[in-house]
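Please have the chain on screen while I talk.

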Amino acid sequence: MSDEKNRKETTTRDSLAERRGVETHVYQPAEDSGLLAKAAVEHAHGRTLEVGTGSGWVAAKVAAETDADVVASDLNPHACEQAKARADELQAERKDGFDVVRADLFSPFVDGAFDTVLFNPPYLPTDPDNEWSDWMEVALSGGESGRELIDPFVDDVGRVLADGGQALLLVSSLSGYDEVVERAEDQGFDVDVVAEESYPFETLSILRLRL
Ligand SMILES: C[S@@+](CC[C@H](N)C(=O)[O-])C[C@H]1O[C@@H](n2cnc3c(N)ncnc32)[C@H](O)[C@@H]1O
């Protein structure tokens with residue numbers, strides 16, 4: 001990799017981390033979380049899974065503002081702790097909490113378990129020589145293509161969706177919008193865009209995938 005490319009990636013990563021209010025272990029709500037929450041409050045229904053919940057902020061909004069029955073999951077145990085604390089707070093305030101499960105994507109969930117699945121994935125394209133090996137990398141880095149977790153999500157989400165189910169997936173222009181849409185269509189999904197926002201260096205879209 002050239003020095004110039006290296007510099008550009010490091011700068012992009014650092015500025016994204018700064019813009020997103022990164023703290024040590026758990027991704028905190030940012031513009032992408034807000035866009036997913038907005039779309040989810042409008043469209044989520046039935047048994048709803050938020051994959052990669054981080055602080056649990058999106059899951060809490062969906063639990064509080066819709067009739068959906070919400071489960072939140074994350075690979076990061078610190079995220080699960082924060083999400084659980086948020087769920088307990090919501091439960092105490094409104095008797096309307098959500099469950100939290102530590103999981104790698106869909107591994108513990110049975111076929112057809114959910115009517116709605118939400119995901120704001122790690123999507124930042126990252127050079128393998130430039131990785132920073134901590135929980136924030138797990139939250140932000142989508143590997144070299146930016147799609148290292150998006151691809152298995154798109155390939156496997158159909159298994160856990162009930163008949164008539166839907167997935168709402170956040171996609172950034174940084175990680176290749178057309179590639180994600182094409183992969184979802186190859187998996188047999190109808191794809192539409194239910195929310196979109198543009199920022200100086202990326203456009204964020206919420207894709208709805210329906211079988
Ligand atoms: C960009 S953050 C989004 C956090 C939160 N949903 C939000 O919108 O604020 C991505 C989250 O995905 C989680 N994650 C990464 N790999 C995962 C995996 N294989 N299975 C489940 N969660 C994962 C990260 O720990 C992180 O919390």
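The protein chain has seven helices and seven strands, taken as DSSP runs, H or I of at least four residues for helices and E of at least two for strands, numbered from the N terminus. This is a predicted model, where local features need pLDDT of at least 70 and side-chain atom pairs count only at pLDDT 80 or more, while totals for chains, interfaces and linings use all residues. Residues are numbered from 1 along each chain as its sequence is written.

From the N terminus, the order of elements is α-α-β-α-β-α-β-β-α-α-β-α-β-β. Of the 211 residues in the protein chain, 41% are buried, meaning 20 or more other C-beta atoms within 10 Å of their own, with C-beta atoms placed from the backbone.

Now the helix, α6, residues 150–160. Its buried residues are Ile-150, Phe-153, Val-154, Val-157 and Val-160. They line one face of the helix, because down the axis of α6 they fall within an arc of 130°, taken over the directions from the helix axis to the C-beta atoms. In general, an α-helix has 3.6 residues a turn, so residues three or four places apart point the same way. The cover over the buried residues of α6 includes β4 (114–119), β5 (161–172), α7 (177–186) and β7 (202–210), counting contacts as C-beta atoms, placed from the backbone, within 7 Å.

Key:
A residue is buried if 20 or more other C-beta atoms lie within 10 Å of its own, exposed if 12 or fewer, and partly exposed in between; C-beta atoms are placed from the backbone. Two residues are in contact if their C-beta atoms, placed from the backbone, lie within 7 Å.
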